[in-house]
Amino acid sequence: MTRYEFEQQRYRYAGLSEEDLKQLLAMKGSSYSGLLERHNIHIRNVEHIVKSLQREGVEVRVVKRGEYDEETVRWADAIISAGGDGTMLLVASKVFSKDKPVVGVNTDPERSEGHLCLPVRYTHAFPEALQKLRRGDFRWLWRQRIRLHLEGTGINPTPVNLHEQQLSLEQHNQAHRITTRESQRRVLNDSLSRPHLLPVRSLNEIFIGESLSSRASYYEISVDDGPWEKQKSSGLSICTGTGSKAWSYNINKLVSQAVEDVLRIAASQTDLEIPLNQQLIEKVTEDYNESLVFSPEDRRLFFSIREPIVNRVFSSSRQRGFANKVCVRSRCWDACMVVDGGTSFEFNDGAIATITMSEEDQLRMVLLEN
């Protein structure tokens, strides 16, 4: 879905004409003509992909975001995501078989990073990509994914689609509200049953935290079946190797200013002669930040505690690190567990999440060289 389509659907119930939409976007500081131009670029590139496939005798079914479901996944032998990384995450979320290939094509390379897509030159040269696939001139990339088990009290295993919630203009902290006695009774029964394996897999990361970002998140965490540790922070992220280039990277990266300050302190506290020139500072910064990224095929989790509060009550023995298993027990009031920024689960006091990886959850993707 392009931004132009998003704005159209967002206000569709208001019965706005195109001229009304144009004026509304102008009031918000957005360019109607700019959004329409990017939309048309996306449409042309999708048509290019479809025609290229049809010329090769491939049966194609084109579905939009709202039409993409499990039945579509079952029908397809392979799935092509036409969009950016957000579209790719949505596509991957409904693919549970590691035998079903997924290919990402960035349909607007000038405005979208497309880290999860084919190299950008294949956007306009998709027939060349198809020929390489026919010749076997590629390799499979097995991206590891995260699975979630949820148990305890304070849980509701019914997910909220955050993309649909954006379109409805609904506040996120209202999205999980339980309004009937029947649903309250169902959640109570769920709390007494065995752990739920949630019907979603995470390609990038899981985020756990209070819905209101200014409120500290209170929880207990156990890493690799170690002791439980009480923590308060701005939330925690658990990512895959794929996600190590995304939000997790930005949570943990250092800027050159911070590196320079640390090196100056190190120089003043030791007898070491550290040449505090810009070249060294930038090199140290670059090497540190590159160390945060690991292979998408790596079967380890990487957890990050955002802005931990440390005092005599709360601790954070490790602010980040690798793990095979992470368990989190919520002590929050209005928290959620968000999968790849698109699917949210209620995660309040008493809920326990067990976060692991399994070989059967791998996502099969295509790796083509430039």
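Thr242 touches His115, Leu116, Arg143, Leu203, Asn204 and Pro296, leaving aside residues up to four places away in sequence. The residue sits in the loop between strand S10 (236-239) and helix H10 (247-252). With a relative accessibility of 1%, Thr242 counts as buried, because buried means under 20% relative accessible area. The model described here is predicted. The points below turn to other residues, a helix pair and aromatic rings.

**Ile206 in strand S7**

- Ile206 belongs to strand S7, which covers residues 205-210.
- The relative accessible area of Ile206 is 0%, so this residue is buried.
- Beyond residues up to four places away in sequence, Ile206 touches Ile146, Leu148, Leu236, Ser237, Ile238, Met337, Val338 and Val339.
- Ile206 and Lys253 are 47 residues apart along the chain, and their C-alpha atoms are separated by 18 Å.

**Helices H1 and H2**

- Two packed helices are described by the angle between their axes and the distance between the axes.
- Helix H1 (residues 3-10) and helix H2 (residues 18-27) have axes that come within 11 Å and cross at roughly 110 degrees.
- H1 and H2 are therefore roughly perpendicular to each other, since angles of 65 to 115 degrees count as roughly perpendicular.
- On the side of H1 the contact is made by Tyr4, Glu7 and Gln8, and on the side of H2 by Glu18, Leu21 and Leu25.
- The residues of this contact of H1 with H2 comprise 3 nonpolar, 1 polar and 2 charged.

**Aromatic pairs**

- A pair of aromatic rings is described by the distance of the centres and the angle of the planes.
- Rings pair if their centres lie within 6.5 Å, and by this rule the count comes to 7 aromatic pairs.
- One of these is formed by Tyr218 and Phe314, whose ring centres are 5.3 Å apart and whose planes stand at 85 degrees, so the pair is edge-to-face.
- Tyr218 lies in strand S8 (residues 217-223), while Phe314 lies in the loop between strand S11 (301-305) and strand S12 (320-323), so the pair ties together parts that are 96 residues apart in sequence.
- The two partners can also be described by their accessibility: Tyr218, at 23% relative accessibility, counts as partly exposed, whereas Phe314, at 11%, counts as buried.
- Phe302 and Phe322 form another aromatic pair, which is edge-to-face with 5.1 Å from centre to centre and 65 degrees between the planes.
- Phe302 is in strand S11 and Phe322 in strand S12, so this pair ties together parts that are 20 residues apart in sequence.
- Phe302 has a relative accessible area of 7% and is buried, whereas Phe322, with 29%, is partly exposed.
- Phe294, Phe302 and Phe322 are linked by ring pairs into a cluster.

**Arginines over rings**

- Arg300 lies over the face of Phe322, at 3.7 Å from the ring centre.
- Arg364 lies over the face of Trp140, at 4.6 Å from the ring centre.

**Positive phi at two aspartates**

- Asp224 is not a glycine, yet its phi is positive, at about 50 degrees.
- The place of Asp224 is the loop between S8 and strand S9 (229-233).
- Asp224 has a relative accessible area of 37% and is partly exposed.
- Asp340 is a residue other than glycine with a positive phi, near 50 degrees.
- Asp340 is found in the loop between strand S14 (335-339) and strand S15 (343-347).
- The relative accessible area of Asp340 is 12%, so this residue is buried.

- Arg299 is placed in the loop between helix H12 (278-290) and S11.
- With a relative accessible area of 46%, Arg299 is partly exposed.
- Leaving aside residues up to four places away in sequence, Arg299 touches Gln144, Asn324, Met357, Glu359 and Gln362.
- Arg299 and Phe345 are 46 residues apart in sequence, and the distance from C-alpha to C-alpha is 24 Å.

Terms used
Residues numbered from 1 in each chain as written. Predicted model: local features only at pLDDT ≥ 70, side-chain atom pairs only at ≥ 80, totals over all residues. Heavy atoms only, no water. Helix = DSSP H or I, 4+ residues; strand = E, 2+ residues; numbered from the N terminus. Buried < 20%, exposed > 50% of the residue type's maximum accessible area, 1.4 Å probe, protein only. Contact = heavy atoms within 4.5 Å. Axes fitted to C-alpha atoms, helices over the stretch in contact; angles between N-to-C directions. Parallel < 35°, antiparallel > 145°, perpendicular 65-115°, else oblique. Nonpolar A, V, L, I, M, F, W, Y, C, P; charged D, E, K, R; others polar. Phe/Tyr/Trp six-rings, centres within 6.5 Å; stacked < 30°, edge-to-face > 60°. Lys NZ or Arg CZ within 6 Å of the ring centre and 35° of its normal.
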